[in-house]
Structures are given as structure tokens and as C-alpha cells.
Amino acid sequence: MKITKEARRTSRQLFRACIAGGKLDEPRVRTVVNTVAKNKPRGYIGILDAFSRLVSNEVDRQRALVESATALTPATQTELQASLSKKYGRTLNLEFKVQPELLGGIRVKVGSDVWDGSVKARLEALKASLS
């Protein structure tokens, strides 16, 4: 669906209004969506679509997915939380998952950034270099 410049501009303005203290304010997001859906301004579907993408991208930036072959100790989780928060300059919500197919090591995803230090990734890289 093609979104007009005006709808894109409006969605960015609404998104900026939902940022409080450098973080996305969830009640404000709900209020914005409800207000736009109720009032139905011109191009409101495009506005909501663009607004939804902006909110989704921001939520992804604030969340980190940590996958490991075995469960990480609480001390390791705390250390990882501090390290990632320092690197990104903001507090991240970490989600830990156990993925036995990684064989060892960890994989960290923050937004579109991925750090893969798993044994599986190393074996695949070795396989690719040999073929």
C-alpha cells in the first residue's frame, strides 16, 4: 500500500509524541492508535500502518534475544545485561532462550544486529571455506 508523504509525516510526529524519557510509552501508543482509529483523519490507514512500523522497530531496538546451547547462570545473565546496555547506551530487555542445536556458545540479536558466537555458526563457516 502506498503511503502519502503527509501520512508518513503525521505518523512520525505521533511516534515522537509517544517517546518519554528516551523510551516508548505504551499507554501513549494505545491512546494514539485509539484516537486515530476513532477520528479517522484523511489517510488514517496509512498513518496507522507507518506508525505501527515505527513502533515495531523501536520495540525491537529495546529488546535483545540471547540464545545459548545451555541455560546461562544468573551471574552470566547479569554480566551480559550490563555489557549490552553499556554497548547500546540504554537499558535493554533481555530474553533468554535455550537452543540445543547451537551446540555451544551464544547468539545475540538486538534489533537488526546479530552476534553469532555459536559452535554451529563456526562449523558452517568452516564448511563454506572448505567447499
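Guide: Helix H4 covers residues 74-88, and at 1.5 Å a residue its 15 residues should span 21 Å; the end C-alpha atoms are 21 Å apart, which agrees. The expected span is 1.5 Å times one less than the number of residues. This is a predicted model, where local features need pLDDT of at least 70 and side-chain atom pairs pLDDT 80 or more, while totals for chains, interfaces and linings use all residues. Residues are numbered from 1 along each chain as its sequence is written, and side-chain values use heavy atoms, leaving out hydrogens and water.

Visitor: Which residues in H4 are buried?

Guide: Leu80, Leu84, Ser85 and Tyr88 are, with buried meaning under 20% relative accessible area, exposed over 50% and partly exposed in between (1.4 Å probe, protein chains only). They cover an arc of only 125 degrees around the axis, so they sit on the same side of H4. That arc uses the directions from the helix axis to the C-beta atoms.

Visitor: And what covers the buried residues of H4?

Guide: The cover includes strands E3 (63-68), E4 (93-98), E5 (106-110) and E6 (113-116). Helices (H or I, at least four residues) and strands (E, at least two) are DSSP runs, numbered from the N terminus.

Visitor: What about Ser68, buried or exposed?

Guide: Ser68 is in strand E3, and because its relative accessibility is 4%, Ser68 counts as buried. Not counting residues up to four places away in sequence, Ser68 touches Lys97, Val98, Gln99, Leu102, Gly105 and Ile106, where contact means heavy atoms within 4.5 Å.
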